Protein chains: 4
Amino acid sequence: MKIDKKPVINQTADDAGTSGHGTMKALVYHGAGKRSLDERARPTIHQPTDAIIRITTSTICGSDLHILKGDVPETPIGLILGHEGVGIVEEAGPGVTQFQKGDKVLISCITSCAICDFCLRGMRSHCLNGGWILGHLIDGTQAEYVRIPHANTSLYSLPEGFDEEVAVLLSDILPTGLECGVLNGRVKPGDTVAIVGAGPIGLAALLTAQLFSPAEILMIDLDPNRLESALALGATKVIDSGDGKAVEKVMALTAGAGVDVAIEAVGTPPTFDICQAIVAPGGVLANIGVHGKPVQLQMEKLWSRNISITTRLVDTVTTPMLLKSVLSGRLDAKKLITHRFKLSETMAAYDVFANAAKQRALKVILTSGPAA
Amino acid sequence: MKIDKKPVINQTADDAGTSGHGTMKALVYHGAGKRSLDERARPTIHQPTDAIIRITTSTICGSDLHILKGDVPETPIGLILGHEGVGIVEEAGPGVTQFQKGDKVLISCITSCAICDFCLRGMRSHCLNGGWILGHLIDGTQAEYVRIPHANTSLYSLPEGFDEEVAVLLSDILPTGLECGVLNGRVKPGDTVAIVGAGPIGLAALLTAQLFSPAEILMIDLDPNRLESALALGATKVIDSGDGKAVEKVMALTAGAGVDVAIEAVGTPPTFDICQAIVAPGGVLANIGVHGKPVQLQMEKLWSRNISITTRLVDTVTTPMLLKSVLSGRLDAKKLITHRFKLSETMAAYDVFANAAKQRALKVILTSGPAA
Amino acid sequence: MKIDKKPVINQTADDAGTSGHGTMKALVYHGAGKRSLDERARPTIHQPTDAIIRITTSTICGSDLHILKGDVPETPIGLILGHEGVGIVEEAGPGVTQFQKGDKVLISCITSCAICDFCLRGMRSHCLNGGWILGHLIDGTQAEYVRIPHANTSLYSLPEGFDEEVAVLLSDILPTGLECGVLNGRVKPGDTVAIVGAGPIGLAALLTAQLFSPAEILMIDLDPNRLESALALGATKVIDSGDGKAVEKVMALTAGAGVDVAIEAVGTPPTFDICQAIVAPGGVLANIGVHGKPVQLQMEKLWSRNISITTRLVDTVTTPMLLKSVLSGRLDAKKLITHRFKLSETMAAYDVFANAAKQRALKVILTSGPAA
Amino acid sequence: MKIDKKPVINQTADDAGTSGHGTMKALVYHGAGKRSLDERARPTIHQPTDAIIRITTSTICGSDLHILKGDVPETPIGLILGHEGVGIVEEAGPGVTQFQKGDKVLISCITSCAICDFCLRGMRSHCLNGGWILGHLIDGTQAEYVRIPHANTSLYSLPEGFDEEVAVLLSDILPTGLECGVLNGRVKPGDTVAIVGAGPIGLAALLTAQLFSPAEILMIDLDPNRLESALALGATKVIDSGDGKAVEKVMALTAGAGVDVAIEAVGTPPTFDICQAIVAPGGVLANIGVHGKPVQLQMEKLWSRNISITTRLVDTVTTPMLLKSVLSGRLDAKKLITHRFKLSETMAAYDVFANAAKQRALKVILTSGPAA
């Protein structure tokens, strides 16, 4: 999940203490740099459209690390982290008509009320009654149970036999790569695409871009290991930007034309600058990266280039399509998974994911049940 | 015309001296700050697809002033200025199949070969064999005669009875406002649109935006006279930005929501900044302005706003549609014209246009024939 | 409303008898050819997402006449007719978060659950839990009160001062003309559009087409009175098809080219045939008409013409845009209203509307309160 | 090539006799049922924009058989057949700027002038100065040499090392399947697509559909051999329609929902009827088939289904993209080729292709040089 500093919305806080429902293990944020696996009360239904999900598989996202760094001030101390997950419906409020107890479901990182102006326009990320709230403003999915508001339109049925590990990639990272990078970038057959940043989100863009059969996908990163992963996941060429010559290399590879689509998957001025330097006239610069400061936009060059620059917080409107694409075998995302832990080992999982480059970690899966 | 610093292309220079074809009056650029109405040789056919047009109506554009300031180094000293015009075909090369001697034609500011990759994609502005060359890299239209390369696809037949003064607005300013502002901005019924800059190009965007029936068009400028013109041309509200509070005023008028489309029609960092501050989530910032330096893009705010920023040099692909819209009465552009001169008075016309604010000048028409 | 023979969905029937809530007047269908203004029990909340609306303005639609002819077998005897209306929220179920008692609202002819697959794709007409049910499968709006299921997404707030008579045209006829005719037809500036059928729905297409500024709108009908109305509402040319020569006339008016968009607004083979004969290569035939039998499609001619033929049941997704367009003055639909009655005079209103041609009736408004 | 009965356009006929340029072998149409490999004069440049191509690879199309049956009355007796081919530029007129003697080129089945209204709108199939004329109205490609009018925009450079056999499939069959079937059908990731007709054109649709990663592609035909080919080329399921139960089978396979896209690739009423019966609400019926008679369109069912029906003659605007897709390996069309002959064996090649089912023939390649 990318972090949008939206004001805290009116969500009833989950019970802080234990209750008759029993307790559970959960990864709790205790302020900058502090996390622990705590015993917490299980969540309960607050609104008729809530559902309680027993988590069977979850994962850790880069934005969880952002919160832990203290970079997300709106996240309250004491919150359970995580916004990705697969599980079983444990209890459904009376207003939940699409799911019932026992259903296996995918949890979307975006909670959507379906009835506000933004949801009706397909901009669920800006839902006035939801958006990215899980593990950000309300308790999240790195726990044994989670409460999902607006469950009718924030959960998806998982077909029988669907690989749960892959499913959890559909909570956030695959729709983010697809919507913010590939769809906003209008990737199409024959295109030359460059993706700057071969971390998990850049690789998710790489995987989903292939649904539209571009002729070339150039992957740009500083880390040779990640570039190796990119090649394994379908990049047609990789460019090590460690020498500061990524722009020259892209222009050479494209005979000076530049690329049809430049996807920014890092969120820093230097990587944005590569993108604005390589996008061809008529092309698109599709930003995925979460930026912490302004960039300098070279409008004195770009004003006449007939380009588009796009930004987006994932709306997860492509989740049904992604489910079908995985089921049909058109999208094989399994290789994004590098490490597996039990939920009870979440502290260790964080240690690995926080040192992703050294550990050669991409996505780290958490599953329920006792440690092996 | 907006000025794109494209390298000088391989165009045969027009004859510098007089010839058997006779001479003509022409407005000639003599270096920064210097212009004169000179006697020049009439142009001749150089390529089979050239046509020679006898100019009956022309006009002056802001970019002519830019060249005169010396800001466009690629424009050679001695060039005849002007890229807008209406006239009569005087001579057509053997490869010109769409027009013949005597036809009344509209001259496009963009010369299009129709066969290069960019032309085939509709990006005529980037034509590898043309683009904006008239009055920029080859002799232009502020003269009694002009040579038009690739005449088949760089001229348009003018229907009987079409108002010539309005027609000359279709050479550049109306398609520029429409394509770079309105179409790139995806203006649609019900939208709230803001246009920053109520000069001729901003007003052209205002006029053409109304073809798509937005609910509100807010016009923002420092000059009360221009805002008055904007109201007369269809703005639903005007905002004087002289107090530096344009952003606050727009946000107040939109109940804090911002605008669906922000059109930048000036080309400076402060006006761009207004646009990026007022564009609503899901909206578009459509840039028309010619920028001379970079802008600071607030990506730390915009990355999650689901917006698009677009740039474009006019392609004049909408000229046929604009001709129909004027003919049918859907588009009334006549009010953009404030002053009229004979071609022989071009020097005086420049004096007025160079002091547009003081003179309350928008578009200044030049017509052939003796001074009144 | 156009009639779609969808199977009766699982809606709890309204109470047939009187109750503690009191009674009301309602126009009731009693089988083919039979209607009466009866005393009925007021509706009550059945589901948490229901709202009860006190009707202040309503109208009669061509499909109400269809039902009365007995052509809509799925409509049960005893049903209250009507699917258009404006009113005041009398009571809102606990799941209705968007409206409260006392709100003035527009009732959509399409009931949308917002959470089924079709609603999420914007195809509310095919809502698995709604669609066109009002006055078709459940009690409708030609009554003092009506129950609206899924009220959150089936009602719209009416802004202060909005003309109620015009508002009631937004329940069905204006979005139908716009969505099925104009948007499906992809009407754009410069286009030549032909609309076959100048009844209320064809005129609604005529009005809403003008939001996109086509160059020409040709209106075709047999009835000179209706063609006169069409001219008053913005048609640029009208064609009386009474002599069977509509096709020849259109081809003559378009110099043999045909039309960019042909809108079928009748629903019979002969009117469809006019459309398929006049649509230009590259054009669209947008069907609005409700057809009772097959048509012969001239595929031996059309296969190579690069055309599209579209069908659609209104989804009412454009209601927010239409509200803004009326408020801003871009859309003036008032002239569609020809007759006004009190709700207590509904029987007389039907007599007029059933003889629309003779009575020169377009839309007939019903208002609450005692007869004048 | 699909056959469009356009009136014979004003093309200078090729010389009938021999000339100083020498003679060549060519497959000539001599009236219904009659063809022979004749000695003919080599073509010469007629217009400055003509090019003469020495054919190195060609093929036979279903429409060549149509002409031979006498079904295409506008094709004159004595015409050289064929509209597909790859070759070397032998001579280029003075107006040909994009190619020169010695260039290896792909010949498009559509001749495009690039400057008429239709070409400027991308509808090259309806080019007022070209369209499908090769082997239809002017001498074609089943010969040692061919004259190509408007060569600048009717030929494409073949990159070094491009497989010529595959290239010749880009003259017609691949862009036809893609443009008329896949693009008009708006195939997208996750879709369920059905293609009715597994002949060469249906299989071309099958191959190019995969560029957009639909979840399912159902292939429907009567011929088990062709269904076997379909499976080899990427169909996810095949349906033998020999029992007249194709509709029931598709509905069963889609759980009653129908298909998102139904592609008609035969051109008969029964196959069109399958398509209109299986297209889901909101879906598209994309017609590729050449129809000889009308079809009955079930508008009494379809009017409310929110569907589109499209027709198209190939415009070959996708040729550059297809060239990139083949080069990059995203599109592997080689398996469409089943038989190979020398140009001198063209008579035998026709015998095979005319009995395609029995011979299990898909595309039959003709190459220059002496018989093996």
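Which strands of chain D does helix H7 (residues 246-253) lie across? In this predicted model, helix H7 of chain D lies across S9, S10 and S11 of chain D, and runs at about 155 degrees to S10(D).

**View 1. The interface of chain A and chain B.** Chain A and chain B bury about 2,900 Å² between them, with 59% of this area on carbon and sulfur atoms, and the contact takes 37 residues from chain A and 37 residues from chain B. Across this interface there are 17 residue pairs in polar contact, whereas the count of salt bridges is 0. On the side of chain A that touches chain B, the elements giving two or more residues are strand S12 (279-287), strand S13 (295-297), helix H9 (299-302) and strand S14 (308-310); by class, this side has 15 nonpolar, 14 polar and 8 charged residues.

**View 2. Strand pairing between chain A and chain B.** S13(A) and strand S13 (residues 295-297) of chain B run antiparallel and are joined by 3 bridges, with Val295(B) as the bridge partner of Leu297(A).

**View 3. The open sheet of chains C and D.** The sheet has 12 strands with mixed pairing, in the order S10(C)-S9(C)-S8(C)-S11(C)-S12(C)-S14(C)-S14(D)-S12(D)-S11(D)-S8(D)-S9(D)-S10(D). Strand S10 (237-240) of chain C and strand S10 (237-240) of chain D stand at the edges with a single partner strand each, so one side of each is left without a neighbour in the sheet.

**View 4. Strands and a helix of chain D.** Strand S8 (residues 192-196) and strand S9 (residues 216-221) of chain D run parallel, joined by 5 bridges, and Ile195(D) has Met219(D) as its bridge partner in S9(D). Helix H4 (residues 173-183) of chain D packs on the sheet, where it touches strands S11 (259-264), S12 (279-287) and S14 (308-310) of chain D, and its direction makes about 155 degrees with that of S12(D).

Definitions and conventions
Residues numbered from 1 in each chain as written. Chains lettered and ligands numbered in written order. Predicted model: local features only at pLDDT ≥ 70, side-chain atom pairs only at ≥ 80, totals over all residues. Heavy atoms only, no water. Contact = heavy atoms within 4.5 Å. Buried area = accessible area lost by both parts, 1.4 Å probe. Salt bridge = Lys/Arg side-chain N within 4 Å of Asp/Glu carboxyl O. Polar contact = N/O pair within 3.5 Å; in protein donor to acceptor, adjacent residues only side chain to side chain. Helix = DSSP H or I, 4+ residues; strand = E, 2+ residues; numbered from the N terminus. Nonpolar A, V, L, I, M, F, W, Y, C, P; charged D, E, K, R; others polar. Pairing = 2+ DSSP bridges. Axes fitted to C-alpha atoms, helices over the stretch in contact; angles between N-to-C directions.
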